[in-house]
Structure formats: structure tokens, C-alpha cells
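Work through the exercises below with the sequence and the model side by side. Each task is followed by a solution in steps.

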Amino acid sequence: MRWVCVPLMFAFCAAVMQAQQPDDGSAMLQAVEQMRAGLEQHNVQIMLSAFDERTMQNYAQFREQLRAYFQQNESFRARTRVLGTETSGESASSLVEIEVEAQPAGGNGPVTRKSGQLRVDLVRAGNGWKIRELTPRSFFR
């Protein structure tokens, strides 16, 4: 009887550990969700925390572009949908459909609506993923 319990115990422990750790797919989606949440909360720091400033080319320029975008608009509503993801070791790439409604600063002017597809390249960062490239960057102008 004891030998039957040991494999069951190992199977149970493995199932519990797997349930506690998100799979890579959901961990990658967290970076996209963090980007969207930063927009909706109108918090450029939250949005930027989804990006890896160490590996993203021209990160400082992108940071300033986002700051200007946030200054031009007082609120955002955003919707994202991941259309597909490819993983290769420590990096991944996703195609993300995005829709953004932006209310201009001071309430001057009509709400602007923009939609498109973004290519989001990710890199493993610690226990999660960060965005190392976003194409086209001009979407946030």
C-alpha cells in the first residue's frame, strides 16, 4: 500500500507546483496587459515598466515619445487581443491587435480612435517577460 501512495504523492506535488507557476504564455500576456493597464490608468510609469530598458534600442527616445503622448491626452481606453505568439528560448514574439480611444488634454477636441496591429518582441526578464521591441512605435503618437 505504501508504494502506491508514493507515486500519488509525487503526482499531487507536481500538480500543485504547476498550478502555482503561470505558464510562459500567460506570463508573456502579462507584459501586454501591463502596457494596456498603464494606458488606461494614464500612468506612463506603469506602461514603461512593461518594457526592458536594457535591451530595447532607443529606449530613452521611446520613453520621451510616450511621455508626450500622455501629455497630449488626458485619458485612454484601450483593448488588446493577442493574435499569436512564437517562442524561441529566452525570447518570444507576439502579434497584438490594439484599439485605443484617447481624450485630448483639457477636453479640447473629439475623442480620437486608433486601431492596428503591433508586433511585440519579448525577452525573459527574471521570472517574467518584458517587451524589448514594439513595432510600429509610431502607434503611440
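pLDDT is the predictor's confidence in each residue, from 0 to 100. Contact means heavy atoms within 4.5 Å. The structure is a predicted model, in which local features need pLDDT of at least 70 and side-chain atom pairs count only at pLDDT 80 or more, while totals for chains, interfaces and linings use all residues. Residues are numbered from 1 along each chain as its sequence is written, and side-chain values use heavy atoms, with hydrogens and water left out.

**Exercise 1. Confidence**

Task: find where pLDDT stays under 50, and state how many contacts beyond four places in sequence the model has there.

Solution. 
- Step 1. The protein chain has an average pLDDT of 86, and 82% of the residues score at least 70.
- Step 2. Residues 1-23 stay under 50 in pLDDT, and the model has zero contacts beyond four places in sequence for them.
- Step 3. By element, the lowest mean pLDDT, 42, belongs to helix H1 (residues 2-20), and the highest, 98, to H4. Helices (H or I, at least four residues) and strands (E, at least two) are DSSP runs, numbered from the N terminus.

**Exercise 2. Order of elements and the sheet**

Task: list the elements of the protein chain from the N terminus on, then give the order of the strands in the sheet.

Solution. 
- Step 1. Four helices and four strands make up the secondary structure of the protein chain, and they run α-α-α-α-β-β-β-β.
- Step 2. The four strands form an open antiparallel sheet, ordered E1-E2-E3-E4. Strand E1 (73-88) and strand E4 (128-135) are at the edges with a single partner strand each, so one side of each has no neighbour in the sheet. Neighbouring strands are turned by 30° against each other on average, direction ignored; axes are lines fitted to C-alpha atoms, for helices over the stretch in contact, and angles run from 0 to 180 degrees between N-to-C directions.
- Step 3. Two strands pair if DSSP finds at least two bridges between them. E1 and E2 are joined by 14 bridges, E2 and E3 by twelve, and strand E3 (residues 112-125) and E4 by seven.
- Step 4. In the hairpin of E1 and E2, two residues lie between the strands, and Gly89 takes a positive phi near 65°.

**Exercise 3. Ser93**

Task: decide whether Ser93 is buried or exposed, and find the polar contacts of its side chain with Arg119 and Asp121.

Solution. 
- Step 1. Ser93 is in strand E2, and its bridge partner is Glu86.
- Step 2. Its relative accessible area is 13%, so Ser93 is buried. Buried means under 20% relative accessible area, exposed over 50%, and partly exposed in between (1.4 Å probe, protein chains only).
- Step 3. The side chain of Ser93 makes a polar contact of 3.2 Å with that of Arg119 and one of 3.0 Å with that of Asp121. A polar contact is a pair of N or O atoms within 3.5 Å; within protein, one must be able to donate a hydrogen and the other to accept it, and residues adjacent in sequence count only if both atoms are side-chain atoms.
- Step 4. Beyond four places in sequence, the contacts of Ser93 are Gly84, Thr85, Glu86, Arg119, Val120 and Asp121.

**Exercise 4. Asn43**

Solution. 
- Step 1. Asn43 counts as partly exposed because its relative accessibility is 28%.
- Step 2. Residues up to four places away in sequence aside, Asn43 touches Gly38 and Phe70.
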